[in-house]
Each structure stands twice: as C-alpha cells, then as structure tokens.
Amino acid sequence: MSADMLQGLTIADARDRMRAGDLRATDIAEAAIEAVEGARALNAVVHDTFEIARTQAAAADDVLRARGADAPDLCGIPLGIKDLFCTEGVPSQAGSRILEGFRPEYESTVTRQLWDQGAVMVGKLNMDEFAMGSSNETSTYGDAVNPWKAGEGDAALTPGGSSGGSAAAVAADLVLGATGTDTGGSIRQPAAFTGIVGLKPTYGRCSRWGIVAFASSLDQAGPMTKTVRDAAILGRAMMGHDPQDSTSADRAVPDLEAMLDGDVRGKVIGVPKEYRLDGMPGEIEALWAEGRRMLADAGAELRDITLPHTKYALPAYYVIAPAEASSNLARYDGVRYGRRAALDQGDGVTEMYEKTRAEGFGDEVQRRVMVGTYVLSAGFYDAYYNRARRVRTLIKKDFEDVFADGVDAILTPATPSAAFPLGSASGDPVQMYLNDVFTVTVNLAGLPGISVPAGLDARGLPLGLQLVGRPWEEGELLNLASAVEERAGFVARPRRWW
Amino acid sequence: MSEIDAETARRVAKLARIAVPEERLAPLAEEFGRILGFVEQLNEVDVEGVEPMTGVTPMRLKRREDVVTSGGMPDRILKNAPEAREGFFAVPKVVE
C-alpha cells in the first residue's frame with residue numbers, strides 16, 4: 001500500500017469507500033504510517049502512535065464489516081492529534097520541555113469521542129509551546145515546516161502556529177484530518193498558510209476537558225481538514241456537551257454535513273471596514289474582493305459594516321491571554337508531573353520551582369507568564385486586566401450589534417500575509433502578535449470562525465479567507481464556506497520535496 | 001504607566017517563580033516595556049460604565065449532586081510525579 005493513496009483523499013471519500021467495502025481501514029492506516037515515515041523533514045508528527053493506529057484500524061475494519069453503511073462517520077479515518085490533547089498513555093507535552101515524559105492517565109473528551117467513533121490515531125502533532133506562537137517556532141521539538149515553498153525557492157516556510165504540525169500534516173497528506181486548538185487564531189492562521197480548512201467552533205462547543213489549558217476563556221478545539229465537508233464531519237464528531245467542562249454548552253449538535261446544501265441566497269454578509277489595514281499587501285486586498293465577488297455570485301448580499309473596537313482586540317488579547325496563562329501554567333511546578341530541574345545541595349522548594357520553570361519553559365512562554373503575572377499584580381489589576389476585560393465586552397458588543405442588524409456572517413481575510421520563512425521574524429514579540437490581527441476578535445467574542453483556502457499569491461503560496469458566524473451556527477457558517485470553496489476551486493498542491 | 005526597570009522584572013520573575021539570570025533582567029524589562037506599551041492603546045477606549053467580561057457565553061453554571069465521583073487511585077495520580085515516596089509527592093525541604 002502506497003502513501004500516494006492519501007493524496008487528495010478526503011475524509012468523506014474514504015468514509016464512503018470504506019462503507020462500500022472497497023477500501024480497508026488497515027490499508028489506509030498503513031498508507032498514513034508510510035506517509036509519516038516519509039515526511040520526517042516536515043517535523044509535523046512528533047510522537048508516532050503506529051501500534052495504536054494498527055490496533056484501532058483493525059477494530060474499525062471489524063465495525064465496517066459488521067455495520068457497513070451504518071458505521072460511524074470517522075470509522076477507520078486516520079487522524080493526527082495536536083500535542084495539546086491528553087491521550088492516555090501517549091506523550092502529551094504541549095510542545096514544552098516542562099512536560100517531558102508526561103504520559104496522561106486519562107483521555108481528553110474530544111479525542112475520546114473520536115476513538116469511540118472508530119477514528120485512528122497516527123501520531124501527536126507539533127505545535128508552539130503551550131500554543132503560544134504563530135509560527136511553530138517556540139516548540140521544544142523544533143520548527144514544523146510548511147510543505148509549501150515560495151515559487152522555485154527552497155527556503156523553509158512556517159506552517160503557521162500554534163497548530164503548525166496539524167496544518168503541515170494535513171496539507172502534506174500524512175493524515176486525513178487533524179485536531180487543532182485556537183486561542184487567538186491558532187487553527188485558522190496555520191490553515192490559511194497551508195491551503196487547508198480550519199474551523200474554530202463557538203466557545204463552549206467542544207469540551208476543553210483534557211486539553212492542556214492556555215487561556216481558558218478563549219481556548220477552543222476544532223477540526224483542520226482538506227475540505228469544508230470534512231470540517232463538518234470531523235467538527236461534529238469533536239463537538240458536544242461534557243459535564244466535565246463547566247463551560248461546555250448543553251446544546252444539541254446538528255448534522256453539520258447535512259446542512260451543506262450550497263444555498264446561500266439572501267444571506268447577508270458583512271464586510272467590516274476596520275479590517276482594511278494600512279500597508280496590507282495588495283494580494284490580500286484582492287483576495288478579499290474576490291471573496292466578496294464569489295459570495296455575491298452565490299446569491300448572498302454583501303453589506304459594509306463597522307466593528308469599531310477592532311483595533312483594540314490585539315492589545316486586549318495580549319493582556320487577557322497572558323493573565324489566564326500565568327494562572328493556568330502555575331501548575332507546572334516540578335511536583336506532580338513532567339520534568340523537575342536538577343537541584344543543588346541545600347536548594348529548597350522555592351529553588352525547585354524557579355529552576356524547574358526556568359529550564360522547562362521556553363522564552364515566549366516565560367515572557368507571557370511574566371507579563372500575565374505583572375498585569376494581575378496588585379496595583380495593576382484594574383489598569384490592565386479589568387480594562388482589557390471591559391474592552392472585550394465592547395468588542396463582543398460590536399458583533400452583537402451587526403448580527404442584530406440582520407448580518408448572518410462576516411467576511412475578512414484570514415491572515416495579513418502568506419506564510420513567511422522560518423527564522424525571519426524580527427525577534428520583536430509584538431511583530432509576531434500581528435499575525436493574529438484578523439482572527440483574535442473572534443476568540444474574544446466567542447464566535448465561530450472558519451478559514452477557507454481561496455487563492456494563491458504571486459509566489460504560489462496559499463491564502464485564506466475567514467468567515468465569522470453567529471454563535472452556535474457552525475452549520476450555516478460551513479455552508480457559506482462551502483460556497484466560497486466551490487467558487488474558489490482551490491486545487492493547488494504543494495510540490496513534493498520532503 | 002509602563003516604565004519597566006530591571007528591578008520590576010526581578011520582582012515579576014520572583015512572583016512567577018521563574019529563575020532569571022541577572023544579565024537577562026534588563027533585556028527582559030525592555031521586552032515587557034514593548035508589550036505593555038503596545039497594550040496601552042487600551043487607554044484610548046471609553047470604558048465608563050462597561051462591565052468587565054467574565055464569561056463570553058452567557059450561561060448558568062450547571063450544578064450537580066455533591067457526591068464523590070472519582071478517587072481511590074493514588075498510584076495513577078503519582079504515576080507522572082518526578083519524585084514520589086510512600087504514596088506521597090516528594091519535594092525538597094520546605095524551610096521558611
């Protein structure tokens with residue numbers, strides 16, 4: 001069985017062919033294993049789980065034989081899992097040195113739901129440390145590499161972050177889909193950089209239980225796939241109420257795939273003027289215009305809207321997210337799990353904490369934990385943290401106002417640029433934070449957002465459009481995304497160099 | 001508001017329980033200054049009378065029966081501990 005069989009294979013196709021009996025889960029699993037082994041240069045898969053994959057695939061074949069067309073959607077589908085998800089008995093390090101050696105005794109709710117459907121885990125995927133980053137360059141495993149190259153150039157490009165390994169693995173056809181998480185754009189930005197689809201569901205749709213926490217009021221898991229239909233299939237399987245996460249929504253999850261009828265006539269699509277940035281590349285502007293044309297062609301009504309607090313989203317995010325992170329990451333103390341620093345004679349418990357955290361956390365994580373500590377400290381709490389939370393209320397209200405005016409969804413570019421070379425960032429953390437300028441508002445407002453590949457830049461790199469929907473209306477959002485997908489006709493593939 | 005000096009960086013590092021070598025304090029203070037300078041734009045926003053957001057999705061926290069639903073697995077709890085002895089997490093001497 002050759003790894004080539006995964007080229008362009010979608011979850012929907014694989015499902016249908018397995019149900020019909022002309023493809024076996026064990027064969028797809030072997031193809032995925034071969035593909036992963038042949039793609040080490042991408043550094044996308046950081047912990048192989050091939051034996052688990054083989055066992056799960058054999059079990060899936062039994063279910064497929066017994067149930068045929070009634071087998072669950074994901075039965076036998078090979079997936080990659082972001083290292084942020086706790087998977088029982090399998091390393092789950094959140095891309096951090098401080099969790100070296102950690103093998104959870106439990107399974108995250110999202111991955112549990114996937115395995116219950118018969119999905120197959122091929123491996124754990126690279127990511128920025130604790131999901132803090134936009135280029136996958138803060139990982140303890142080293143950079144993940146984008147399968148795409150600019151023109152005939154050979155420079156290694158970032159797959160984006162923090163779900164960089166997930167994006168690279170799906171774009172390079174190593175797996176049929178991957179889980180990601182999105183706190184400020186970590187699903188949508190890497191999806192845009194690698195020419196795939198990434199959905200961040202409404203806050204509360206997917207259980208956060210067993211997902212290593214970064215900023216709990218913003219974190220949300222979601223699917224990263226080759227097509228919108230696959231995002232509907234994998235997304236639906238990841239969603240659902242979980243009593244173990246008190247912010248998980250007790251709402252029925254509709255059959256998202258069945259909602260993809262392609263009919264978006266009469267839908268009102270808002271185009272926010274605040275997303276037109278000074279110095280935005282002409283190609284991004286042109287892609288956005290093309291997106292408007294595609295939706296108009298599909299029968300939607302385009303409407304200019306205003307989201308007046310947009311420019312304050314990133315600064316608010318860079319108070320709220322570090323504040324929550326400093327609290328969440330307090331648990332990494334070298335006592336209960338992970339790595340403890342070697343101690344000197346006479347070192348007490350404080351030295352143990354300080355040395356363990358200095359050794360175990362990378363620069364960006366340390367920076368954010370300390371910024372969070374500062375904005376929460378006595379005397380600054382009101383000036384920074386409370387002010388940021390007030391601004392967050394206003395950002396959310398911007399969206400509520402346009403939705404109340406009859407807007408069904410909002411169209412924006414997904415990112416301010418295409419993928420950039422690894423190592424090219426200036427070293428100024430604020431410059432890196434600007435990657436999230438179009439995506440971070442959506443997390444602050446708790447809304448669903450999706451990135452759809454919609455075109456190529458002059459160097460042949462993929463660019464994505466973002467659609468933002470009303471709360472809980474992932475089905476309608478996916479349907480709109482499919483209208484863009486159909487008209488964009490994005491069929492380009494990275495040339496294989498790995 | 002955001003004049004961050006090396007002394008402030010030292011204090012924050014201490015609060016965050018992260019050992020920062022002396023020579024890193026000044027550059028760190030500069031990085032904090034840049035980040036906090038960036039977030040100071042928030043001062044332009046009129047937030048008079050605006051409630052700070054606590055939860056992004058309005059929902060009542062669910063309640064459940066106040067009963068023990070888990071436990072009795074000290075071995076599994078200690079499985080990932082860097083050091084455990086006799087059913088306990090082990091740490092260096094705590095002297096205050």
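Visitor: What makes up the contact between chain B and chain A, counted in residues?

Guide: Chain B contributes 41 residues and chain A contributes 58 residues, where two residues are in contact if their C-beta atoms, placed from the backbone, lie within 7 Å. On the side of chain B that touches chain A, the elements giving two or more residues are helix H1 (6-15) and helix H2 (22-39) of chain B, and H2(B) gives the most, with 6 residues. This is a predicted model, in which local features need pLDDT of at least 70 and side-chain atom pairs count only at pLDDT 80 or more, while totals for chains, interfaces and linings use all residues. Residues are numbered from 1 along each chain as its sequence is written, and chains are lettered from A and ligands numbered from 1 in the order in which they are written.

Visitor: How do you know which kinds of residue form the side of chain B that touches chain A?

Guide: That side divides into 28 nonpolar, 3 polar and 10 charged residues; Ala, Val, Leu, Ile, Met, Phe, Trp, Tyr, Cys and Pro count as nonpolar, Asp, Glu, Lys and Arg as charged, and the others, Gly among them, as polar.

Visitor: What makes chain B more spread out than a compact globule?

Guide: The secondary structure of chain B comes to 3 helices and 2 strands, in the pattern α-α-α-β-β along the sequence. The radius of gyration, taken over C-alpha atoms, is set against the globule rule of 2.2 Å times the number of residues to the power 0.38. For the 96 residues of chain B the rule gives 12 Å, and the value of 22 Å is well over that, so chain B is more spread out than a compact globule.

Visitor: Why is helix H5 (residues 164-171) of chain A called largely enclosed?

Guide: A residue is buried if 20 or more other C-beta atoms lie within 10 Å of its own, exposed if 12 or fewer, and partly exposed in between, with C-beta atoms placed from the backbone. By that count 8 of the 8 residues of H5(A) are buried, so the rest of the structure largely encloses the helix. The cover includes strand S2 (78-82), strand S4 (177-182) and helix H6 (188-194) of chain A, and H5(A) lies across S1, S2, S3, S4 and S6 of chain A, running at about 155 degrees to S4(A).

Visitor: What makes S4(A) largely enclosed as well?

Guide: Here 6 of the 6 residues are buried, so S4(A) too is largely enclosed by the rest of the structure. Gly177(A), Thr179(A) and Thr181(A) point one way and Ala178(A), Gly180(A) and Asp182(A) the other way.

Visitor: How do you know which strands S4(A) pairs with, and in which sense?

Guide: Two strands pair if DSSP finds at least two bridges between them. S2(A) and S4(A) pair in the parallel sense over 2 bridges, with Gly80(A) opposite Ala178(A), whereas S4(A) and S6(A) pair in the antiparallel sense over 6 bridges, Ala221(A) being the bridge partner of Thr181(A).

Visitor: What makes S1 and strand S8 (301-305) of chain A edge strands?

Guide: The open sheet of 11 strands has the order S1-S3-S2-S4-S6-S5-S10-S11-S9-S7-S8 (chain A), with mixed pairing, and S1 and S8 each pair on one side only. The twist averages 30 degrees from one strand to the next.

How values were computed:
Helices (H or I, at least four residues) and strands (E, at least two) are DSSP runs, numbered from the N terminus. Axes are lines fitted to C-alpha atoms, for helices over the stretch in contact, and angles run from 0 to 180 degrees between N-to-C directions.
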